[in-house]
Amino acid sequence: MKRNISYCFLGLFKTWLTVFLAVTICFAEAAATEFQVGDDLGWQEPDLNNSALYTQWASRNRFHVGDSLSFTYKNDSVLEVDKWDYYHCNTSNPIIAFDNGKSIMKLDRPGPFYFISGAHDHCKNGQRIFIEVMDPRLISQSPPPSAAPPELYLSDSPAPSPSLGIAIAVAPCALFMALIVTFLASVCSSP
């Protein structure tokens, strides 16, 4: 009887070790996403009839802690700024400034990130992007909240309306691991 229990515990230990390694690999893969800002268009001043280009691009993606943004541009720059500077296109006090043509920004915390072009009038013409990085402690993957402009902000365009939809996702890796653990637990518990 003791031998069966020892084999069961050894089997459970191996299972948990396998599950731990699988979870680690899954999280490492998930955290390694690099997003090309603007996709093939890159980081440039949008056409006048497409000033929402970067807002739409950001709304199609979900950003997590550990992801990166890759900005590719020519004769331009990218500035990380605070919320007020984002809405007022203020380039005079950036948190970080890049002007080397290919800049990668690591998203190292949950919450908002604001980026604008440093080129004259590009931000006012739509070359700016707001990124909401999801909190890893949250289970559901809901759309990022709309960035509310400061109270003094005046605009010719209407403010974006927040989305009411919520999407709940289950990682296939986690589901697979749960099935393995359930199966092994049932095998070890049967006489």
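Reader: What makes two strands pair here?
Author: Two strands pair if DSSP finds at least two bridges between them. Strands (E, at least two residues) and helices (H or I, at least four) are DSSP runs, numbered from the N terminus. This is a predicted model: local features need pLDDT of at least 70, side-chain atom pairs count only at pLDDT 80 or more, and totals for chains, interfaces and linings use all residues. Residues are numbered from 1 along each chain as its sequence is written, and side-chain values use heavy atoms, with hydrogens and water left out.

Reader: How many bridges join E7 to E8?
Author: 6 bridges, between residues 111-117 and residues 128-134, running antiparallel. Glycine 111 has valine 133 in E8 as its bridge partner.

Reader: What is the strand order in the sheet?
Author: E2-E8-E7-E4-E5, an open sheet of 5 strands with mixed pairing. E2 (63-64) and E5 (96-98) are at the edges with a single partner strand each, so one side of each has no neighbour in the sheet.

Reader: New topic. Where is aspartate 67?
Author: In the loop between E2 and strand E3 (68-72). Its side chain reaches the backbone nitrogen of histidine 64 at 2.8 Å.

Reader: Is aspartate 67 buried or exposed?
Author: Aspartate 67 is buried (under 20% relative accessible area; exposed is over 50%, partly exposed in between; 1.4 Å probe, protein chains only). It has no salt bridge, meaning a side-chain nitrogen of Lys or Arg within 4 Å of a carboxyl oxygen of Asp or Glu. Lysine 106, the nearest side chain of opposite charge, is 7.8 Å away.

Reader: Which residue does arginine 60 form a salt bridge with?
Author: Aspartate 39, with the closest N and O atoms 3.7 Å apart.

Methods. Lys and Arg count as positive and Asp and Glu as negative; His and the chain ends are not counted. A polar contact is a pair of N or O atoms within 3.5 Å; within protein, one must be able to donate a hydrogen and the other to accept it, and residues adjacent in sequence count only if both atoms are side-chain atoms.
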